[in-house]
Amino acid sequence: MVGLGHMRRNLLIAQALARSRLCSVNLLIAESREATAFVNAMPPGTDCLTLPALRKDANGHCQARYLNVGLNDLVKLRAETIRAALEAFDPDLLIVDYLPRGALCELDSALDTLRYRGRTRFVLGLRDVLGDPVSVSKNWSTPTNEEAIRVYYDQVWVYGDSKVYDPILEYRLPSDLASKIRFTGYLDQRLRIDTSPPEDDDCLDALGLPAGSFVLCVVGGGQDGDRLAESFAGAEFPRGMTGVVVAGPFMSLETRRDLRERAFLNPRLRVFDFLAEPTWLVSRAERVIGMGGYNTICEVMSFAKHALIVPRTKPRGEQLLRAKRLRNLGLVDLLHPDKLDSQALSKWMRRDLLAPVVRKRIDLNGHLVIPRLVKELLGGYPHVGRAKVHELETSHAIH
């Protein structure tokens, strides 16, 4: 509902499929308005449909983000838009991100329609860590979600490496669901540079960064990255090094204004509100400081960067879990947010660090494995499980 990580991850999958021998035609259905910022990175034969947005209030209740309509009306509008688009597009393969039935069960009608037609294969795509086992059991691995996976989905792709985190074991998934899981490996973010327009590299030079090395701070969409960005802006950068922070489109206006004022007073600090393709910055950065979202982790591993992860711990422990596992493998450094301040960041930036050994320790070949899985699904065994899901409860369908 907020983060750009889902969009970037699925765009990368579209890029991988389009570049493969499948030469796929891809329709992305996304929520965030910012999805349109990625239009230049979309491969040939790919387009994007954006939906009216949802958001959660402080109590975790959903409501319309922009439209002045009630929740039921908004969910109905989203559901009918999705169903109409999928009926017209009539895909060979539907990859659903994270929620088996969509937000507030908005996919139910579309799933029934496509399953009845009998030609579409269904995949549920999951990041490596969904959260701690207790919260996942409560909010994701519910009886209704598990039944939807049984009835609708041919496979479940985990965009990660079981050596880092194995959801089959961690979440004690039933054997019939576990049999559908395929580990793709992490998604190599270097593909995003390979598929970006050539002018993107020129645009990076046009950002006006001083000559020499720089340390980069990234906070995803920025909705909860205020404290990290402000601590970074107040840190002391190593001699000859510039600090660069990308605030994200969802960071508060007050914090962004404060960051710009700090940059005005500090010639060794640069602040950018939003970059559609920050991967160029990651690839050139000397070091990276960021939160522990899936895409950030994949970026620093793909380019074998020295990285300090300051994960989000609320409302879910996903980022902290991921960061701990990768720290134990010697791939990132970890700073608990309770210990975050400018001094801690300054101290880490002064440390001498050994080059991380990434590719010998984890699988980063998701962009190669996924086209093979698609070929397996579309060219192999007969379709199964055409029955509809009846009377599934709507409770716990959104997380």
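The exercises below work through parts of a predicted model, each with a solution in steps.

Residues are numbered from 1 along each chain as its sequence is written. Because this is a predicted model, local features need pLDDT of at least 70 and side-chain atom pairs count only at pLDDT 80 or more, while totals for chains, interfaces and linings use all residues; side-chain values use heavy atoms, with hydrogens and water left out.

**Exercise 1. Which residues of helix 5 are buried, and what covers them?**

Step 1. Helices (H or I, at least four residues) and strands (E, at least two) are DSSP runs, numbered from the N terminus. Helix 5 is made of residues 143-152.

Step 2. Buried means under 20% relative accessible area, exposed over 50%, and partly exposed in between (1.4 Å probe, protein chains only). The buried residues of helix 5 are Thr144, Asn145, Glu146, Ala148, Ile149, Val151 and Tyr152.

Step 3. The cover over these residues includes helix 3 (108-117), strand 6 (121-127), helix 4 (133-139), strand 7 (155-159) and helix 7 (175-178).

Step 4. Since 7 of the 10 residues are buried, helix 5 is largely enclosed by the rest of the structure.

**Exercise 2. Which salt bridges does Arg150 form, with Glu147 and with Asp176, and how far apart are the atoms?**

Step 1. A salt bridge is a side-chain nitrogen of Lys or Arg within 4 Å of a carboxyl oxygen of Asp or Glu. The whole structure has 24 salt bridges.

Step 2. Glu147 and Arg150 form one of them, with 3.6 Å between the closest N and O atoms. The two residues are 3 apart in helix 5, so about one helical turn separates them. An α-helix has 3.6 residues a turn, so residues three or four places apart point the same way.

Step 3. Arg150 also meets Asp176 in a salt bridge, at 2.5 Å from N to O. This pair links distant parts of the chain, with Arg150 in helix 5 and Asp176 in helix 7, 26 residues apart.

Step 4. Glu147 is partly exposed at 32% relative accessibility, Arg150 is partly exposed at 31%, and Asp176 is partly exposed at 33%.

**Exercise 3. How do helix 2 and helix 3 lie relative to each other, roughly parallel or roughly antiparallel?**

Step 1. Axes are lines fitted to C-alpha atoms, for helices over the stretch in contact, and angles run from 0 to 180 degrees between N-to-C directions. The axes of helix 2 (residues 71-89) and helix 3 come within 8 Å and cross at roughly 20°.

Step 2. Angles under 35 degrees count as roughly parallel, over 145 as roughly antiparallel, 65 to 115 as roughly perpendicular and the rest as oblique. Helix 2 and helix 3 are therefore roughly parallel.

Step 3. Contact means heavy atoms within 4.5 Å. On the helix 2 side the residues are Ile82, Arg83, Leu86 and Glu87, and they meet Ser109, Ala110, Thr113, Leu114 and Arg117 of helix 3.

Step 4. Ala, Val, Leu, Ile, Met, Phe, Trp, Tyr, Cys and Pro count as nonpolar, Asp, Glu, Lys and Arg as charged, and the others, Gly among them, as polar. By these classes, the contact of helix 2 with helix 3 has 4 nonpolar, 2 polar and 3 charged residues.

**Exercise 4. Where do Leu104 and Ala304 lie, and what is the phi of each?**

Step 1. Leu104 is in the loop between strand 5 (93-97) and helix 3. Its phi is near 55°, a positive value in a residue other than glycine.

Step 2. Ala304 is in the loop between helix 13 (294-302) and strand 13 (306-309). Its phi is near 50°, also positive in a residue other than glycine.

Step 3. Most residues other than glycine have a negative phi.

Step 4. Leu104 counts as partly exposed at 26% relative accessibility, and Ala304 counts as partly exposed at 37%.

**Exercise 5. Is Asn295 buried or exposed, and which residues is it in contact with?**

Step 1. Asn295 is found in helix 13. At 8% relative accessibility, Asn295 counts as buried.

Step 2. With neighbours within four places in sequence left aside, Asn295 is in contact with Gly5, Arg8, Arg9, Gln189 and Arg192.
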